[in-house]
Amino acid sequence: MSSVQEKAGSLVKSVLAAMNLTLEVDVVDSPDAIRIEISGPGGEVLLKRKGEALDALQQIVNTGFRRDLDDDRSFVVDCLGYRRGKDDELRQMTRFTMEKAKLAGPQEMGPLNPYARRIVHLTVAEDPSMSSESIGDAFLKTVIISRK
């Protein structure tokens, strides 16, 4: 494991300690992302308000360390499997929206944060007849899904 992953894991541990949370932090290097898995009793505090704290932690880690990676992956911070479940839901919703766009024209999804938009764009890219585009100029943007 390279020092970038170790530094990112260490930052997450420090933030959790500052929040008085004693949780396990595992850094898992996978082909599509570097996953920082948080587990243990009390972890659900990070999942309140639709996982806002988890999203913030992921944004901080990516802002601080992503440019130090030697590939185009990013960091995914998950707690108690929450993000994995949400990501699957988002992929399902994207596929449903793609079918709707095939029948009824361009469809909007959002507003979405950068991480969620990436999942939507990657899911749309699986179908060569469809395209996706982010619109907006803020942190949260809308994704338009349409036929090519």
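Asn 62 touches Ser 74 and Phe 75, leaving aside residues up to four places away in sequence, where contact means heavy atoms within 4.5 Å. This is a predicted model, in which local features need pLDDT of at least 70 and side-chain atom pairs count only at pLDDT 80 or more, while totals for chains, interfaces and linings use all residues. Residues are numbered from 1 along each chain as its sequence is written, and side-chain values use heavy atoms, with hydrogens and water left out.

Asn 62 lies in helix H2. Helices (H or I, at least four residues) and strands (E, at least two) are DSSP runs, numbered from the N terminus. The side chain of Asn 62 reaches the backbone nitrogen of Phe 75 at 2.8 Å. A polar contact is a pair of N or O atoms within 3.5 Å; within protein, one must be able to donate a hydrogen and the other to accept it, and residues adjacent in sequence count only if both atoms are side-chain atoms.

Leu 57 is also placed in helix H2. Leaving aside residues up to four places away in sequence, Leu 57 touches Val 12, Val 15, Ile 38 and Val 77. Leu 57 and Leu 16 are 41 residues apart along the chain, and their C-alpha atoms are separated by 9.6 Å.

Buried means under 20% relative accessible area, exposed over 50%, and partly exposed in between (1.4 Å probe, protein chains only).

| Residue | Relative accessible area | Class |
|---|---|---|
| Asn 62 | 15% | buried |
| Leu 57 | 3% | buried |
| Arg 49 | 65% | exposed |
| Lys 50 | 74% | exposed |

**Helices H1 and H2**

The axes of helix H1 (residues 3-18) and H2 come within 10 Å and cross at roughly 145 degrees. Axes are lines fitted to C-alpha atoms, for helices over the stretch in contact, and angles run from 0 to 180 degrees between N-to-C directions. The crossing of H1 and H2 is right-handed. From H1, the contact involves Val 4, Lys 7, Ala 8, Leu 11, Val 12 and Val 15; from H2, it involves Leu 57, Ile 60, Val 61 and Phe 65. By class, this contact of H1 with H2 has 9 nonpolar, no polar and 1 charged residues.

**Helix H3**

Which residues of H3 are buried? They are Arg 83, Asp 87, Leu 90, Thr 94, Thr 97, Met 98 and Ala 101. The buried residues of H3 pack against helices H2 (48-65) and H4 (114-125), and against strands S3 (75-79), S4 (107-112), S5 (130-135) and S6 (141-147).

**Backbone angles**

Most residues other than glycine have a negative phi, and most peptide bonds are trans. Arg 49, in helix H2, has a positive phi of about 50 degrees although it is not a glycine. Lys 50, also in helix H2, has a positive phi of about 60 degrees and is likewise not a glycine. Just after H3, Gly 105 takes a positive phi of about 95 degrees. A cis peptide bond joins Gly 110 and Pro 111, with omega about 5 degrees. Pro 111 is in strand S4.

Key:
Left-handed = near helix turned anticlockwise from the far one by under 90°. Nonpolar A, V, L, I, M, F, W, Y, C, P; charged D, E, K, R; others polar.
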